[in-house]
Amino acid sequence: MVYFLIGAPHKSNEQQAWLEMEKHVLTSGISRQAKGRLLQTDIGKFKLGNLDHLMFINDSLLKQESVVESLLKKIERQYLDVTEKVSYDFTIELKDGSQSIENFLFQFKWNDQTFPRASALTELVKAISSRATHVETDLRQKSTSYQELKNQSQQVAKKEGNLLVRDLVDVLKEPIVKPRDFIYSDFLTTLVAIVPKTQIQEWLACYEFLCENVVPQSARQFQIEDKDNLTIWRVVIVKQSFDKDQDLEVADKGDEEKGKNKKPTPVEEFIQKARDKLRITVKEFEYKSQESKEREKLRLDLKSKSDHMNTTLKQACEKAFSDLYITYMHLKVLRLVVDIAMRFGAAEPNIQCIIKPDQGKEKKVQQSLLKLYADPSQVGLYGTKEELEDTEDFFPFVYVPINIP
């Protein structure tokens, strides 16, 4: 949605000039549902200064406008990310209640408490910049805290998928398993195998012979359902090698020779042969009865904190957008005032208004305004910066578009 702030000179009176604009734009059929309203900016209350000063302030406002618009879009993206929505519906919070953005624009009144018109223009620009910086800093702090919690939650989040990708801490927990199912000592350790249902018979027939360190009949299936028809087993392995002669022979060799002839450990051998001969995945796993409980408690705690921070950040986005949008509108109106003073002179009679064209009819409204204010022989000189292939728009009236929302 686009709104136009328009400033133009007139030769009769403001009301008559407004009626003429309504006739050309709002009731001409060009934009059937367009809205418009006069703005009461009271240009005479601003300390405008000379032309050089106005040009300097105009450049400063253009730079600050880019910063504020970028920040408004950043707030919008943050809000959509937090709420997981595809669109937003911010309201503007004022002392006398909340308003929709459109109502705020059409009922805009300059706030002299926040932006005193009696101040120098440089002070007004500084106040706009300061408020934008404050909004950005506050939101960045809350956003950083939220992201840190989100990252922590992701680190301990349950992995979705089958038994091959899930974290076994979340799978092998009581009451599915008991501490006695896992044997860990100086001589023995327990491995976990992920076996497709179609290979259970092959697994049972072969696992004891994959290496000589397998404890006979130590395979035990845990009753865990898997969507991909995978089963999960434990098997006990003797950790120390039985080939002591070869171990002594390797020990007598130098470090380089040891690296070349290093024999895999029984655990490594079993994992490798299960993969190569049976195409079965075997994993080392150390069962700790409290680990899954502690992890679940941590998840719940982080979720609670994350949910609270999510609400806090959502509210912060809403407040930040409202506060910054109020600043944004003051910036736009100040641009209108400064541009009018540069183009026509503040003392000359002029009209300031806001227009909301129908979506898709923006170009036709601009053309209608051109016919109203331009010398017919010079219409071709005017247009948007895209049409003119220039750095700025050029019209016979002051044109300040509002592109957010």
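This text walks through a predicted model of one protein chain, from its overall dimensions to single residues.

Local features are reported only at pLDDT of at least 70 and side-chain atom pairs only at pLDDT 80 or more, while totals for chains, interfaces and linings use all residues. Residues are numbered from 1 along each chain as its sequence is written, and side-chain values use heavy atoms, without hydrogens or water.

Start with the whole chain. It holds 12 helices and 10 strands. These are DSSP runs, numbered from the N terminus: helices are H or I with at least four residues, strands are E with at least two. The C-alpha atoms fill a box of roughly 110 × 50 × 45 Å along the principal axes. The radius of gyration is 36 Å, whereas a compact globule of 405 residues would have one near 22 Å. That radius is taken over C-alpha atoms, and the globule rule is 2.2 Å times the number of residues to the power 0.38.

Next, packing and surface. Buried residues account for 43% of the 405. Buried means under 20% relative accessible area, exposed means over 50%, and partly exposed lies in between (1.4 Å probe, protein chains only). Take the contacts between residues at least 6 apart in sequence: 78% of them join residues at least 24 apart. A contact here means heavy atoms within 4.5 Å. The chain exposes about 22900 Å², and carbon and sulfur atoms supply 48% of that area. Accessible areas come from the Shrake-Rupley method with a 1.4 Å probe; for residues, only the protein chains shown count as cover.

Charges come next. The chain has 60 positive and 63 negative charges, and their mean positions are 4 Å apart. Lys and Arg count as positive, Asp and Glu as negative; His and the chain ends are not counted. Each charge is placed at NZ of Lys, CZ of Arg, CG of Asp or CD of Glu.

Now two buried polar residues. T327 sits in helix α10, residues 291-343. T327 counts as buried because its relative accessible area is 0%. Its side chain makes a polar contact of 3.1 Å with the side chain of R131. A polar contact is a pair of N or O atoms within 3.5 Å; within protein, one must be able to donate a hydrogen and the other to accept it, and residues adjacent in sequence count only if both atoms are side-chain atoms. Leaving out residues up to four places away in sequence, T327 touches F115, I128 and R131.

N350 belongs to strand β9, residues 350-356. Its relative accessibility is 9%, so N350 is buried. A polar contact of 2.3 Å links its side chain to that of Q352. Beyond neighbours within four places in sequence, the contacts of N350 include A8, P9, H10 and I340.

Then the backbone. Most residues other than glycine have a negative phi, and most peptide bonds are trans. The peptide bond from E174 to P175 is cis, with omega near 5°. P175 lies in the loop between α5 (168-171) and β5 (188-196). Q217 has a positive phi of about 55°. Its place is the loop between α6 (200-206) and β6 (220-222). Q217 is exposed, at 72% relative accessible area. N229 also has a positive phi, near 60°. N229 lies in the loop between β6 and β7 (230-238). At 43%, N229 is partly exposed.

Finish at Q154, in helix α4, residues 121-155. Q154 is exposed, with 52% relative accessibility. Q154 and Q240 are 86 residues apart in sequence, and their C-alpha atoms are 38 Å apart in space.
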